Amino acid sequence: MVEFRYRSDEVTEQPSVTLDAFLDQSNATAVRLEPDDDARALIPFLDRLTLIEVAFPKYRDGRGYSAARILREAGYQGELRAQGDVLVDQIAFMRRCGFDSFAPEASLNPEAVARALSNYDHVYQKAADAAVPIWKLRHG
Amino acid sequence: MYKYDNYDQAIVDARVADFRDQVKRRIAGEITEDQFKPLRLMNGLYLQLHAYMLRVAIPYGTLDSTQMRMLAHIARKYDRDYGHFTTRQNIQYNWIKLEECADILEELATVEMHAIQTSGNCIRNISSDQYAGAAADEVVDPRPWAELLRQWSTFHPEFSYLPRKFKIAVIASSEDRAAMRLHDIGLELIRQDGELGARVFVGGGMGRTPMIAPEINPFVKADDLLSYLEACLRVYNRYGRRDNIYKARIKILIHEIGADEYRRQVAEEFAHVKTLGIDPPLAELERISAFFAPPAYDASDVEPDRSDPDFAVWLDQNVKPHKQAGYAIVNISLKPIGGIPGDATSAQIDVMADLAEKYSFDELRVTHAQNIVLPYVAKRDLYAVWQGLRDAELADANLDLISDIIACPGLDYCSLANARSIPVAQKIATRFADMDRQRDLGELKLKISGCINACGHHHAGHIGILGVDRKGVENYQLTFGGSGAEDVSIGKIIGPGFDEDGVVDAVEKATEVYKALRQGNERFIDTYRRVGMNPFKEAIYG
């Protein structure tokens, strides 16, 4: 269940299909990536996708962070959802990698999430979000 | 030395508040130990055999006297009056109370220090050459580059849940004092056609499968470096093994797909990443470099008076040439005979801070061999420095000799260990306590690990000792022929293991073989490489 969403558009109603199923058919507009899936396989189809759900079966498995950035770097504008073992202390990194909705298996405290997202005013590196890296602030 | 600006300070301060909140939730029982573990591990806090251990980052091993005194203060106030300097140029405190952790971090933050990413499957503290800025043979001071990497890797959103921990070393000399090619990424700064850049080695490491990093790129330009490293890390994050913790380091990925295929994948990823504008302008490297400008040298080139024989021995063994005439590099051994390698008391840490402030332009370094360096000592001051060290029992003249042992904490502290390391180190040092004997044996790097994870760098020891558990009994395997220097190599096991006293005897027999067979100025490792393992095996097992 989507607990946190940082987009203003409508939630897509269509259930997501697996990457294989999507590549086989597909008029689907929602797809789910497992950690083993290559996010780049979706690049030719990004225009018609409204939801990409990235699975985190274990929080320790960080492949989804790269998947998210790759999709955003390729210009994907639709909803990018982290689903699974998503913990409060990972949400800020996930937002920076381009995720804009979260469906954690274990429900998270909204206050704790808000705090986690506002803890740090600045970041050192450029990523998939709008944050301006410190080196750029230093040098204009 | 680098100084934080408001941005750097704000990030470290925010981390303290963040961690205070996490500890509070843990103590209140709002989160379980399982949920707390990834949080404390991102902050260098380990639950060991007897207590919490806190590892504090010393970026590229450089610190000033104020920071050094803070390390003493923390040892005194929150621990048992000592600290342990590590092979990654950090310091560990072994007897920490969870409820005091946030206070410690808050005190550290007042002197621009932290424990960020000193553990966890993320990019760890960037290590470097302890002689940076002082070595005659360096192309450029590697520390500004290390600081650039420190900032880039701090809270990196994509690379904080890698398959396994990730260690980067930066050097800028052909002589390798940082075991650069035994890191996940090793960078050697070089100048090519007048332009600065880095030779990039990827996939080295020790652990249970030791590997020497192959060269992946002969020259990456300064303003491409972060993009190139992002590409290296992204390929690893996506394709590094996650099915088996023992096969999860990047060395295994590169070994399995081959250096050529990895290089190809990185090149492809780099071509894409370079378009994203993630590289800071060279002005940022210049801004950082300004902090590392040479100190205001003013001493004339006078040779010290060698009439005190103890001083003369120390001078010959622990003091190294400097790039500036009139100056020298002083190595402070943390390996007293019978002591614990890398340990220093609060009082000793304070003495080293005082000497640095008075005689070394306020700067100290921690070495991967668990010693301390005063990088900028005027030759006219060497005798005063030595006297100060001697009075604090810090003047052991055994740098790079057989008693200058690298050892992990082993089963005395570590929850991963199979065997004790410290008592073996103590026994070997005691056996070879005679200085003339040690000096006759010359450079002999002996390294001890208490388990296969190899934190004591045994693979890189001219003589390496690995403690294993054999049916409930501590057993020690011997390896010969390793090196972490520019002649990098992995040691080979010579035969069946020994008990604690047996391994000390075997080491002694090996030194006898060396003495009998050495030619000219050969070091132990040179003789071993020339004659091979057999003469040693015969003497030890025959």
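**A walk through chains A and B**

In this predicted model, the domain assignment divides chain B into domain 1 (6-109), domain 2 (134-288), domain 3 (309-391) and domain 4 (406-541). Let us begin with domain 1 and domain 3 of chain B, whose centres, taken over C-alpha atoms, are separated by 27 Å. Between them, 21 residues of domain 1 are in contact with 20 residues of domain 3. On the domain 1 side, strand 3, helix 3 (65-78) and strand 4 (82-85) of chain B each supply at least two residues. Helix 3 of chain B has the largest share of that side, with 7 residues. Sorted by class, the domain 1 side holds 8 nonpolar, 8 polar and 5 charged residues.

Now turn to a strand pairing in chain B. Strand 3 (residues 62-64) and strand 14 run antiparallel and are joined by 3 bridges. Within this pairing, L63(B) has L364(B) of strand 14 as its bridge partner.

Strand 14 of chain B has another antiparallel partner, strand 15 (residues 372-378) of chain B, joined to it by 2 bridges. Here R365(B) stands opposite V373(B) of strand 15. The hairpin made by strands 14 and 15 of chain B has 5 residues between the strands, and Q370(B) takes a positive phi near 70° there.

Next, look at where the two chains meet: 29 residues of chain B are in contact with 27 residues of chain A. The elements of chain B giving two or more residues to this side are helix 1 (6-27), helix 2 (33-41), helix 5 (143-153), helix 6 (225-239) and helix 9 (282-290). Helix 1 of chain B gives the most, with 5 residues. By class, the chain B side has 16 nonpolar, 6 polar and 7 charged residues.

For a last stop, find R63(A), which lies in helix 2 (residues 63-73) of chain A. Is R63(A) buried or exposed? R63(A) is buried, because 24 other C-beta atoms lie within 10 Å, and 20 or more is the cut-off for that label. Leaving aside neighbours within four places in sequence, R63(A) is in contact with P35(A), N237(B) and R238(B). By comparison, V11(A) is 52 residues apart from R63(A) along the chain, and their C-alpha atoms are separated by 25 Å.

How values were computed. Residues are numbered from 1 along each chain as its sequence is written. Chains are lettered from A and ligands numbered from 1 in the order in which they are written. This is a predicted model: local features need pLDDT of at least 70, side-chain atom pairs count only at pLDDT 80 or more; totals for chains, interfaces and linings use all residues. Two strands pair if DSSP finds at least two bridges between them. Helices (H or I, at least four residues) and strands (E, at least two) are DSSP runs, numbered from the N terminus. Two residues are in contact if their C-beta atoms, placed from the backbone, lie within 7 Å. Ala, Val, Leu, Ile, Met, Phe, Trp, Tyr, Cys and Pro count as nonpolar, Asp, Glu, Lys and Arg as charged, and the others, Gly among them, as polar. A residue is buried if 20 or more other C-beta atoms lie within 10 Å of its own, exposed if 12 or fewer, and partly exposed in between; C-beta atoms are placed from the backbone. Domain bounds come from an automatic or database domain assignment.
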